[in-house]
Amino acid sequence: MYADCDDLASAHKLFDQVQQPNVFAWTAVLAFYSRHGLYEECVGGYYKLRSLGVLPDGYVFPKVLRACGQLLCLESGMLVHKDVIVCGCELNLEVSNSLIDMYARCWDVKAARQVFDEMLERHLLSWNLMISGYVGNGLLEMAVAFLYYMRLDGFEPDTVTWNMIMDAYCLMGRCDEAWEIFEENREPNIVSWTTLISGYSRIGEHEKSLWIFKDMLNRSMLLPDLGCLSSALASCRHLGALTSGKEIHGYGIKIITGHAFYSSAGAALLTMYSKCGRSQEARNVFELMDKSDVVTWNAMILCFVDLGLGHLALECLGKMQRLGIRNDQTTLSTVLPVCDFKSGQPVHSYVIKCGFDSVVLVCNALIHMYSKCGHIESSYSIFTIMVNRDLISWNTMIGGFAMHGIGQVALQLLPKMVSSGLCPNSLTFTSALSACNHSGLVEEGLKLFHSISNDFGLAPRMEHYACVVDMLARAGRLEDALNFIHEMPLEPNKRIWGALLAACQECQNVNIGKVAAEHLICLEPEHAGHYITLSNIYARVGRWDDAVRVRKQMEGRGLTKQSGESWIERGS
């Protein structure tokens, strides 16, 4: 009774007076430990129970197995599993479910599946635990496949099932398929919405992420939780959507108490303000956050990164260490992108020392750091030994090869990525097309561009068209580039016409250069550079009258060419 009423002191006092407590007394105490997160005490109590010769039953095992799972203590969990078999409880539904959960949490999904397969009776929870185990262990395709097997066995998914399948699709970068699952769910909850919002944000679809957040507020009666608000703020940060971010800030402190809001969403809020250049607002948020929490410092490091103050980000990392605040994987993955090769190597050594060298987030940051510093071999070495890779891992590696002009190798990664179960996204194709562009692989690039819609069912974006135009123009195929622009379903922007104009200046192609320049002047009539480039093209081929005419047109608009400046003083 005392344990059930959460009065542990009275329960312990009474328990200690019992000379030989039976299994019922132990069950009450162990249940209290498990319920209140005292997992080490729970496992320790179980060992004492066994040492006293008390035989556990089907009520004890779930409590202890939960504690083993939370502690990630596979060895203790396996010992309890042996006792389960000795006591004849292996066919108990609740015990079997607890074993599945324990093994999955301890990264032994194979043992979890074996328990599942040996069950004579299953419940919807059994299926959900198995799907959760696959998702948690990165076996995302298996999680999705299990939905099919579950239905074959006569079980219909509930909201929990749908949410996990959505999460699997989002983690694979297949957020549109997650959206289809969402539409099939008749009773989406806040987790359903948050999974979609964070999923699209994770793959860089920030406009869609923010649109879904606003749609949730308009369509449902659900109040966003802290996770949902943090995901929406992350999208605001990437979009530079200060107004939306401030609205979410106001909404958050209205529905959630200030301390709870800033403890959880403060990091996303701080980095949103810093990304938008609002350093004072960022500082105000920092002052309201818990300075003993590593999340606060991680946000501050990212704040310095956003402001281009990499040296302060590294100083912040050092200050954390001096204050005894333990770095986590987010700390290291945030600071690595601002490291040069000299400062990055000791951070890499620290990563290995802390045991973070198998963490996907940190490995992705290391790949980026070494690629940026010109050490593509080190990047690829890290990539090849990664046990699990996410969409960002592949995109970063493809982007690294593109940066170094190694187009063929970048293209070879695409089919390997698809065969791993991940679907390329917009950024993947931008990086791969850039690789083709910088490696002169024009035909391969055109084939890749057409595969975006033909093979992957995606609509090419402006940046993909820009890559192709630049690729054709750099190869001297100006007529093909112009025809490609005319066939675009999107209205060409200044980047596309600018790429064509630059190539025309290099190749001295007056006719196409004139077309490109006229479109640029129409888009940016106050930009003197477009007039000057066209005038120079005319001058190079001896069409002086046209060159003068364009210069006069520029001057008639009151535009002038900016004078160049030098840092070298005369006489120095």
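# Notebook: a helical chain and its rings

I began at N128, which is found in helix α8, residues 124-136. The model is a predicted one. Is N128 buried or exposed? N128 has a relative accessibility of 6%, so it counts as buried. I then listed its contacts, leaving aside neighbours within four places in sequence. They are D158, V160, T161 and M164.

**Entry: the whole chain.** I counted secondary structure next. The protein chain has 33 helices and zero strands. I looked up the extent of the C-alpha trace along its principal axes: about 110 × 55 × 50 Å. The chain has 572 residues, and 49% of them count as buried. For contacts I took pairs at least 6 apart in sequence; 59% of these join residues at least 24 apart.

**Entry: surface and charge.** I looked up the accessible surface of the protein chain, about 28800 Å². Carbon and sulfur atoms hold 53% of that surface. I noted 48 positive and 61 negative charges. How far apart are their mean positions? They are 6 Å apart.

**Entry: aromatic pairs.** I searched the whole structure and found 22 aromatic pairs. One of them joins F146 and Y149, with 6.2 Å from centre to centre. Their planes stand at 90°, and the pair is edge-to-face. Both residues lie in helix α9, residues 140-152. They are three residues apart there, about one turn of the helix. I checked the exposure of each partner. F146 is buried, at a relative accessible area of 1%. Y149 is partly exposed, at 40%.

I turned to W179 and F182. Their ring centres are 5.5 Å apart. Why do I call this pair stacked? The planes meet at 20°, and the limit for stacking is under 30 degrees, so the pair is stacked. W179 and F182 sit in helix α11, residues 175-184. They are three residues apart, so about one helical turn separates them. W179 has a relative accessible area of 19%; buried means under 20%, so W179 counts as buried. F182 is buried as well, with 2%.

Entry: I then looked for charges over rings. I noted another case at F383. R389 lies over the face of F383, at 4.3 Å from the ring centre.

**Entry: positive phi.** L72 is not a glycine, yet its phi is positive, about 55°. L72 lies in the loop between α4 (60-71) and α5 (74-86). W107 is also a residue other than glycine, and its phi is near 70°, a positive value. Where does W107 lie? W107 is in the loop between α6 (93-105) and α7 (109-118). I checked exposure for W107 too. Its relative accessibility is 58%; exposed means over 50%, so W107 counts as exposed.

Technical notes:
Residues numbered from 1 in each chain as written. Predicted model: local features only at pLDDT ≥ 70, side-chain atom pairs only at ≥ 80, totals over all residues. Heavy atoms only, no water. Helix = DSSP H or I, 4+ residues; strand = E, 2+ residues; numbered from the N terminus. Buried < 20%, exposed > 50% of the residue type's maximum accessible area, 1.4 Å probe, protein only. Contact = heavy atoms within 4.5 Å. Areas by Shrake-Rupley, 256 points an atom, 1.4 Å probe, with all protein chains shown as cover. Lys, Arg positive; Asp, Glu negative; His and termini not counted. Charge placed at Lys NZ, Arg CZ, Asp CG, Glu CD. Phe/Tyr/Trp six-rings, centres within 6.5 Å; stacked < 30°, edge-to-face > 60°. Lys NZ or Arg CZ within 6 Å of the ring centre and 35° of its normal.
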